[in-house]
Amino acid sequence: MSNSLRGSKRGGRAKAHHEPNTHTTEPGSCSPKELSSVMELRGVEGKEKVDQLFGDVNGLCTRLRTSPTEGLDGTVDDIERRKREYGPNMIPPKKPKTFLQLVWEALQDVTLIILEVAAVISLALSFYQPPAAERQSCGKAAGGVEDETESEAGWIEGAAILLSVVCVVLVTAFNDWSKEKQFRGLQSRIEQEQKFTVVRAAQVTQIKTSEIVVGDILQVKYGDLLPADGILIQGNDLKIDESSLTGESDHVKKTAEKDPMMLSGTHVMEGSGKMVVTAVGVNSQTGMIFMLLGAEDEEDGPEKDDNDNNKSKKDDKKKSKKDKKSKKESKKDKQKDGAPVEMQPLKDGEPEKKANPHKKEKSVLQGKLTRLAVQIGKAGLFMSVLTVIILIVRFAIDTFAIQQVPWNGDCVPVYIQFLVKFFIIGVTVLVVAVPEGLPLAVTISLAYSVKKMMKDNNLVRHLDACETMGNATAICSDKTGTLTMNRMTVVQCHIAGQYHRRVPPPDAIPQSTMDLLIKGIGVNCAYTTKIMPPEKEGGLPRQVGNKTECALLGFATDLRRDCQTIRNQYPEETLFKVYTFNSVRKSMSTVLRNHDGSYTMFSKGASEILLKKCCRVLSSGGEVKNFRQRDRDDVANNVIEPMASEGLRTICMAYKDFPATEGEPDWDEEAHILTGLTCICVVGIEDPVRPEVPDAIKKCQQSGITVRMVTGDNINTARAIAAKCGILQPGEDFLCMEGKEFNRLIRNELGEIQQERIDKIWPKLRVLARSSPTDKHTLVKGIIDSEVLEQRQVVAVTGDGTNDGPALKKADVGFAMGIAGTDVAKEASDIILTDDNFSSIVKAVMWGRNVYDSISKFLQFQLTVNVVAVIVAFTGACITQDSPLKAVQMLWVNLIMDTFASLALATEPPTESLLRRKPYGRKKPLISRTMMKNILGHAVYQLCVIFSLLFVGEHLFDIDCGRNSPLHAPPSEHYTIVFNTFVLMQIFNELNARKIHGERNVFHGVHKNPIFCTIIVGTLVVQVVIVQFGGKPFSCVPLSAEHWLWCVFFGFSSLLWGQVVTSVPTRMLTCLRTAGHNTQRDEIPEEELELQKDDFEIDHAEMELKKSRVLWCRGLSRIQTQIRVVNAFRDTLSPYEGLETPESRSSIHNFMTHPEFRIEGSDTHIPLIDEADEDEPPTNRNSVHLPPPPHPPLHLQSPPLHPPHPPLHTNNNAGPERVTGPQLLSESRNSTLQRCPGSPLHSLETSL
C-alpha cells in the first residue's frame, strides 16, 4: 500500500478558518444530513460518494473549514459553533430514577406488602367496638380491659406498623439512591479518563473524547477505540476490528484509496493514521443505533448502565435487536438472586467473550449468598406459618373448648381482630427471619470498597471484580510497566563490531553508521513518541509515547544527535509504507522512497528474531560485510545473552536498500520484504524493577497467590527480572519457558490443545517469555479450566495491549494499565490500575478479602438476631398467646440488624492480617464452624436471658406480670424490660460480630471505623428515646434507672460471654456444621468436607490451647534434656573433672560457655531454645515434615566440626533420634577419650 496522501498540504488553510461563525445555511459548509449519508456507506462506495460530493478528502476538509495537517484553530467560538451545528460528542445518559420511583420499587417487597395489608385490616377493625357486655361473652381474652381509653387506642398498633413500613421503605430508597449516585460518579470518573490525540492549531494535543467536534483531525494508532465517525486522510498498515458493529471478527484493512470509512466504537488493531471527524454523538453510526434502541433500553433494569462508562455504553448499544434481547436475558440471569452486584454486558461479535462461562456465572459470593438467603427464607416461612397455626388452634381450644364460650355472631369482628393480630405476629416473625439486609450489605461493602480502592489506584469498572479478587489464587502479570518502572534507557550497545558496556562517545562510531542509525531511529519510531523537557528543573526528561522508542530517541540524544531534524526532513505523511509493530512480527519497519526511485527500509525489533533476517552487518569502518551463521551465533552468545542475563531488553536495528533497477517490490509479501537485512546495531535497554514490587510479590506468595510473569521479552531478560522481583525463589522447583516451547508441549500430534498437557506445565510455570497474546489466553484458560487441584483456580491477569483483550476477558479479573494501556485493553478489563503498579494489585486482593470478611461479620450478627428473635416470638406466642416482641418492636430490631448493621459491619477497613491467610476458595462455606459456634453460643445466652425475664421477670423485679394480657391491654413494664434487654444485647453483640475467627480483642481497630462507632452510639440513643418516650405505638413504658442498669448489665454481659464462647476450641464441637456453600452439600464427598474444615478454619482459641500445651511440654522436655546431658557429661568426661564447678552443673548454658568445650562451628547448629519453632504456626509443632538425617554410630564419630542439624518441627518428646540416659551411658563408657567431647553434644542435639 502506498501512502494514502501525497502532498496533503494541498488542502491548505486558504479557506480553513474564515468566518468561524457562519452557519450551515451558508454556501461552502456541510450539513449533518449530508455527512450522515456519506457515513452510511462502506468500502469503495463510501470513497466514491466522498469523491462525488467533495472531490476528495481534501475537498471535504475545505468544506469543513479545517486543515488535514494543522487541524482546527481551536478557538472557543469555533468549537462552540461546531457543537451547536453538529452536536456534542456524547450520547445522552439515561435519566436516573427519581427518589419517588425508588420508593415505589422498595414498596414492591412482598413481606412489606403483607405487613401493609395486615396493618390496614388491623386499623379498620380497631374502630369496631362491640358493647362491653358482649365482649365478656366472647371469652376472657377479649374482655378485661380496665381502661376504656386503652381499648379506644387500638388503632395505634396498626398505624405504628404502617409508620415503621414507611421508615423501612424510605431508608431502602435512600440507600438505592445513594448507590446510584455513587455509580454515576464512578461513570463520570471513567469518562474523564478517556482522552484522544487530536491536531489543533498545528499542535498535537490530547483532549477529552466529549470535546471532539466535527472537523477535528484525529491521530489514530494501535489500540485506540474510535470515539467518532470519520474519513481516513492517511494510514499506515491500518487494520480495524469492526465486530462491535458488524459482528464479523475479521479485521478490516483501511486505506484512503479503497476503504476510508472509520466508524465510532471500532477498535484499531494494527497500524496508525489520521482521520477527519464527520459525525459525533447521536449523529454517528453508533449514536443512531443507540437512539433506535433507546425505547427498548427504557425497559432494562436500573443496574444496566450504573457503572459502565459512556464509551462502553455506546459499544453495547450498537447491536441488532436480536443481540439486544440475548444481552438483556443474560443480564437478568446475572441479577436474579437479588444482590445488586454489577457486571458489564458482554460484547457480541467477540467470540472469546461470548464463550466465557466464568463471566456469565454468578460471582462466588453471589452464589453462596443466594443459596443461604433461600435456606433462611424457607426456614423463616415455615416458622411464621407454624406460629400462626399454633396461635389460632390454641385460641380456638382455649375459647370454645376450655371456656366453652358459645358461638355468637356479634363476636365475629372480635375474633377477626384476634386472627389479624396472630397474622401480624406471624408476618413479623417472617420479616425478622428473612435476611433482606444481605443484598444491602453486599452493595454497601462493595461500594465502600470501590470508593476506597480509587485512593489505592484501582479504578473498578465492574463491582463484582472487587469481591472476586479476594479469592484470587494466581496472577499472570506483564513485565514492562507493571513489575518494572517503564522508564527505559539504552545502557549497552553492540555497534560497528564493538560491544560497549556503556553508551559509547559519538567519535567511536563511524560517521556513515551514525547517519544510518539516527535516520533509522528518527523515521522508524512513531511520530507521536517524543522526549519532552522535564516538568521541574533538574528533573528527568519526560517520555511521551512508546517507552522502548523513547529509549532509542534518548540514545540518539546521548550520541549528541537530534532526531527531530530527520523527522522535519521526512514528515509522517511522506513515509511510503509502515509495517507497524504487532505480536506476530515482533518488529516495526518503515519504507522511505528516495529521489532516484529506489527505496530504503529501516527495521527494529526483538534482537534474536531480527538477527535471523540479517545477512550483512556494518563493520568497524562502516563498510558492509557478510553476516554468517557463525557470526550470528557469536553475537547471540557474547552480546545478547550477557545483556539479557542482566535483565536488559535487547533490540536490533537494521536496514535494507531496494535499488530502482529491480523495480517496485510487492509490499504485501512481508516474508520476502523482511529478509536480507543489514544489521546496524544491537542495543540493551534497561527498565529497572519498581522498588516496591519485590515486597508486593512476597505478600502475594505469603497469602497463597502464585505470581507468574508472561512477557514478550527474551527468556534470559525475563528470568533475570523475575529473580529480582522474587517470582523465582532459590531452591524452588519452577519452570521458565518460551512461547514456542509452551505451544509444542501443550499440543498433540494434530496440533490441538489438550488440557491434560497444560495441567502438567502450569503448576510449576513461573515465567513464559517470548509469548504471544494467544499464548497468554491459552495459559489463562488452561489454569481456569484445570481440575488438577481441588479448588478451581481464580486467575487475575494484567495487560496493556490491544491483543491482551482476549486474556483480560477470559480471566476472572482483568487489570488494564491506566497509563500505558490501550483503550481496547481498558474496555476488556474489570479494574484499571491508574498507576500501572503491581503493588496496587495487592491492595485489590486485600480489599477483596475484606469484602468477604465484612459479609461474614454481618451474617454472624444477623443470624444470631434471627435465631433468637424467631425462637422468642414463636415460643412466646405458643405459650402466652402473644409475641413478647410486638410487630413495631420487631420492625425496629429488623432495622437495627439489617440496614444499620450492614452499614456498620460492611465498612470495616482492611488490615494486613488479611494477607497472612490463604484464599478461601470457591467451596469454602460462608458460615464457618467457628462462626456457627459464635452464633449458637450467643443465641443460647440471649435465649436464657430473655426466657428468664419472660417467665420469672415479674418476680425478679417485683413488677406486674405482662403475660396473657387482653387484646387492647396497655403496655407493661415487664415486656418493656424484655424488649429493652433484647435490643441492648444485639447492640453489644455487634461488637462481638467484628471478629469471625475467634479473636479475643473485639475492640481492636474499632476507632478506625467512625461509621461503626456512630451507628452504635446512634442506635443506643434511639433505643433510649423509644423506651422512655415511645409509649403505646412501641408498646413501651418508661423504665427506672435501676431497670435500665439491669438491662445494660445483661447487654454488656454479651461481651463477657463472648470470651467464654471464644475459649471453646471449634474442633471439640464436632456436631457443628457449616452453611452457605456455593456447591450442593451432596456434591462434596465427606472426606473432602473434613479436609475443607481443616484447611479453612482459623480458630484463635484452638491456637491458644495448642500453644499453652506445646509450651508446657517443651518446658518439661527441656528440663529432662538438661538433666540427662549433665549426667552424661559428668560420667564421660572424667579427665576434665577438675574444671567442673558446682555452678556449671546447674545449667547446660554454663557448660557451653567454657572455652575448652567450644567446638568450631557448633554454635549456630544447636538450637538451645528451639528458635525454629517460635515463629511457626502451632498446628505444625507435632508433625514431622522432614525425616531425621541418618547418624553414624557414636563410636565411629570423631569430634564433629559441624554437628548434624536436628530436624525442624520434630517433636521434643518422641522420634527415632531420642537417646535415653542409660543408652548414652553404656555407649560413652565404651568410647575413648578422644571421642568424648562429641557424645554429650550429639545427645543434646538429638534430644532437642
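In strand β19, the bridge partner of Tyr599 is Phe658. This pairing belongs to a predicted model, in which local features need pLDDT of at least 70 and side-chain atom pairs count only at pLDDT 80 or more, while totals for chains, interfaces and linings use all residues. Residues are numbered from 1 along each chain as its sequence is written, and side-chain values use heavy atoms, with hydrogens and water left out.

**Strands**

Strands (E, at least two residues) and helices (H or I, at least four) are DSSP runs, numbered from the N terminus. Two strands are said to pair if DSSP finds at least two bridges between them. Strand β16 (residues 599–606) pairs with β19 in the antiparallel sense over eight bridges. Strand β20 (residues 677–686) also pairs with β19 in the antiparallel sense, over seven bridges. Ala654 stands opposite Cys679 in β20. Strand β19 itself (residues 649–658) is mostly covered, since nine of its ten residues are buried. Here buried means under 20% relative accessible area, exposed means over 50%, and partly exposed lies in between (1.4 Å probe, protein chains only).

**The nonpolar core**

A nonpolar core is a set of buried Ala, Val, Leu, Ile, Met, Phe, Trp, Tyr and Cys residues joined through side-chain atoms within 4.5 Å. The largest such core has 124 residues, and those with the most contacts inside it are Met469, Ile727, Phe815, Phe838, Ile927 and Phe979. Helix α33 (residues 838–880) supplies the largest share of this core, 20 residues.

**Salt bridges**

Side chains of opposite charge can pair when their charged atoms come close. A salt bridge is a side-chain nitrogen of Lys or Arg within 4 Å of a carboxyl oxygen of Asp or Glu. The structure holds 33 salt bridges, including those in the table.

| Salt bridge | Closest N and O atoms |
|---|---|
| Glu34 and Arg63 | 3.4 Å |
| Lys97 and Glu105 | 2.1 Å |

Glu34 is partly exposed, with a relative accessible area of 22%, and Arg63 is partly exposed at 23%. In the second pair, Lys97 is partly exposed at 24%, as is Glu105 at 35%.

Asp785 and Lys781 both lie in helix α30 (residues 773–785), four residues apart, about one turn of the helix. Asp785 is partly exposed at 27%, and Lys781 is partly exposed at 36%. Elsewhere, salt bridges that share partners join Asp78, Arg81, Arg82 and Glu85 into one network.

**Helix α30**

Helix α30 is mostly covered, with ten of its 13 residues buried. Among the buried residues of α30 are Pro773, His777, Leu779, Ile783 and Ile784. The expected span of a helix is 1.5 Å times one less than its number of residues. The 13 residues of α30 should therefore span 18 Å, and its end C-alpha atoms are 18 Å apart, which agrees.

**A nonpolar surface patch**

Patches are made of residues with over 30% relative accessible area and no salt bridge; like charges are joined within 9 Å, and nonpolar side chains (Val, Leu, Ile, Met, Phe, Trp, Tyr) within 5 Å. Leu381, Val385, Ile389, Val393, Ile397 and Ile402 form a nonpolar patch on the surface, with about 540 Å² of accessible area together. Such areas come from the Shrake-Rupley method with a 1.4 Å probe; for residues, only the protein chains shown count as cover. Val393 lies in helix α16 (residues 364–402) and is partly exposed, at 42% relative accessibility.
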